[in-house]
Amino acid sequence: MSPSANVRLEGIVKKHGSFTALHGIDLEVRPGEFFALLGPSGSGKTTTLRILAGLEAVDAGRVVMDGVDVTHAQPGERDVAMVFQSYALYPHMTVAGNIGFPLKMVGMAPAQIDTAVREAAAKVDIGHLLDRRPGQLSGGQQQRCALARAIVRQPKLFLLDEPLSNLDAKLRLETRAELRKLQRSLGVTAVYVTHDQEEAMTVADRMAVFMEGRIVQVGTPHEIFRKPATVAVAGFIGTPPMNLLPAVLSPAGVQVAGALMDVQAGHGAENSREVMLGVRPGDLRIAPQGIPARVEFIEDFGDSSIVNLEVEGQRVKLRAGETPGLNEGERVHLAFDPRGAHLFDRASGLRI
Ligand SMILES: Nc1ncnc2c1ncn2[C@@H]1O[C@H](COP(=O)(O)OP(=O)(O)O)[C@@H](O)[C@H]1O
Ligand SMILES: [Mg+2]
């Protein structure tokens, strides 16, 4: 039997009173995949995860796991485990008690529970902490305890809701790599909620981008980075995200801030058309001619820098090397390779 589940959401609608939190979510997560639900706060990620867990009823649509309709199945009837943002550990129980709790609930014999708890704790390197209580653990150790409790039942589907958000930045980086390794070694399907695009980009096999209760794009991190489907996705992905400027597309090229710039062949419009021009900070450069801009300030990261510029009252960021050799207040011109230009329809926000 495969240790990992195939999961499908079909036309999921979820309302809270008159407010619609999810407007028809369609999604398929493949067996063994590390799948991220990425989007800003309030976009419906947690709601979707809770629906997968069976903690939330739906107003329309179906949840299908391994071909079986589980829309109305209780959480205990689904082979899933969830790690909450808050960890939700029982403070009065030891680490061993917390990890073994799901097994106790299903009536497993104490000796078997003991073995399973030790195995799960060892997998996340907290085997030496089994007699402590959660209050005697660091944030990172509490997080591992919550993970061990989730994997102890060997679920086919692992649901994680911002599991790293309570850790400091350095620990978050280490833990996300470990989490990914753990998921691979268990061979379990994982659905991972985060609002942090960098986190999603680095851990996920594929991801769905949520905006206002809808999925606006599904793909590999690479695909979404290369070809964001909408202006909103473009402005959300990348560190820093893509620069977006109002422009007019015509057969001659794209007119932006008084400059006419080349865009890739095939992008040419028959008439002129109002668009948003997107260029990533790494695809912009200082040039003898191009878009007029003024240097505002420079963020120096030692091995690279971000030059913050102003173009017609708008902030634009350019990624440069160690010493860009620019002064604050200096007037410059910006250019980009035509292949680095992303164009979106101004009214609909959709990629052209
Ligand atoms: N129990 C609830 N009652 C009313 N509104 C809710 C409830 N749960 C969530 N919401 C709303 O649904 C939207 C989606 O919430 P959520 O799924 O938690 O977003 P995310 O996890 O992406 O931040 C938000 O606007 C939130 O305020
Ligand atoms: Mg949430």
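This is a predicted model: local features need pLDDT of at least 70, side-chain atom pairs count only at pLDDT 80 or more; totals for chains, interfaces and linings use all residues.

Helices and strands here are DSSP runs, numbered from the N terminus; a helix has at least four residues and a strand at least two.

Let us step back for the overall view. The chain folds into 8 helices and 20 strands. Along the principal axes, its C-alpha atoms fill a box of roughly 75 × 45 × 35 Å. Of the 352 residues in the chain, 49% are buried, where buried means under 20% relative accessible area.

Now find ligand 1. Which residues surround ligand 1? Around it you will meet H16, F19, A21, P40, S41, G42, S43, G44, K45, T46 and T47.

From H16, a polar side-chain atom lies 3.2 Å from a nitrogen atom of ligand 1. G42 takes part through its backbone, where a polar atom is 2.6 Å from an oxygen atom of the ligand. T46 uses its side chain, with a polar atom 2.8 Å from an oxygen atom of ligand 1. How much of ligand 1 does the protein cover? On its own the ligand has 560 Å² of accessible area, and the protein covers 58% of that. Two or more residues of the shell come from each of the elements β2 (19–29) and α1 (45–53). The element that gives the most is α1, with 3 residues.

One member of the shell deserves a second look. T47 surrounds the ligand along with its neighbours, and it lies in helix α1. T47 is buried, because its relative accessible area is 14%, below the 20% cut-off. Follow the fold from there and you reach G213: T47 and G213 are 166 residues apart in sequence, yet their C-alpha atoms are 9.3 Å apart in space.

Next, look along two of the helices. Helix α5 covers residues 169–186, which is 18 residues. From its first C-alpha to its last it reaches 26 Å, close to the 26 Å expected at 1.5 Å a residue. Within α5, the residues T175, R176, L179, R180, L182 and Q183 are buried. Why do these residues belong to the same side of α5? They cover an arc of only 160° around the axis, and therefore share that side. Turn to the face directed away from the buried side and you will find the exposed residues K170, K181 and S185.

Buried in α3 are I113, A116, V117, A120 and A121. Looking down the axis of α3, you see these buried residues fall within an arc of 130°, so they line one face of the helix.

Finally, let us visit some loops. T230 has its place between α7 (221–226) and α8 (231–234). Is T230 buried or exposed? It counts as buried, because its relative accessibility is 13%. The side chain of T230 reaches the backbone nitrogen of V233 at 3.1 Å.

The backbone has some details to enjoy as well. Most residues other than glycine have a negative phi, and most peptide bonds are trans. Against that background, return to P240: a cis peptide bond joins T239 and P240, with omega about -10°. D66 is not a glycine, but its phi is positive, at about 45°. You will find D66 in the loop between β4 (60–65) and β5 (68–69), and at 37% relative accessibility it counts as partly exposed. Q154, also a residue other than glycine, has a positive phi near 50°. Its loop lies between α4 (139–151) and β7 (157–161), and Q154 counts as exposed because its relative accessibility is 60%.

Technical notes
Residues are numbered from 1 along each chain as its sequence is written. Chains are lettered from A and ligands numbered from 1 in the order in which they are written. Side-chain values use heavy atoms; hydrogens and water are left out. A residue is near a molecule or strand if one of its heavy atoms lies within 4 Å of it. A polar contact is a pair of N or O atoms within 3.5 Å; within protein, one must be able to donate a hydrogen and the other to accept it, and residues adjacent in sequence count only if both atoms are side-chain atoms. Accessible areas come from the Shrake-Rupley method with a 1.4 Å probe; for residues, only the protein chains shown count as cover. The expected span of a helix is 1.5 Å times one less than its number of residues. Buried means under 20% relative accessible area, exposed over 50%, partly exposed in between (1.4 Å probe, protein chains only). The arc is that of the directions from the helix axis to the C-beta atoms.
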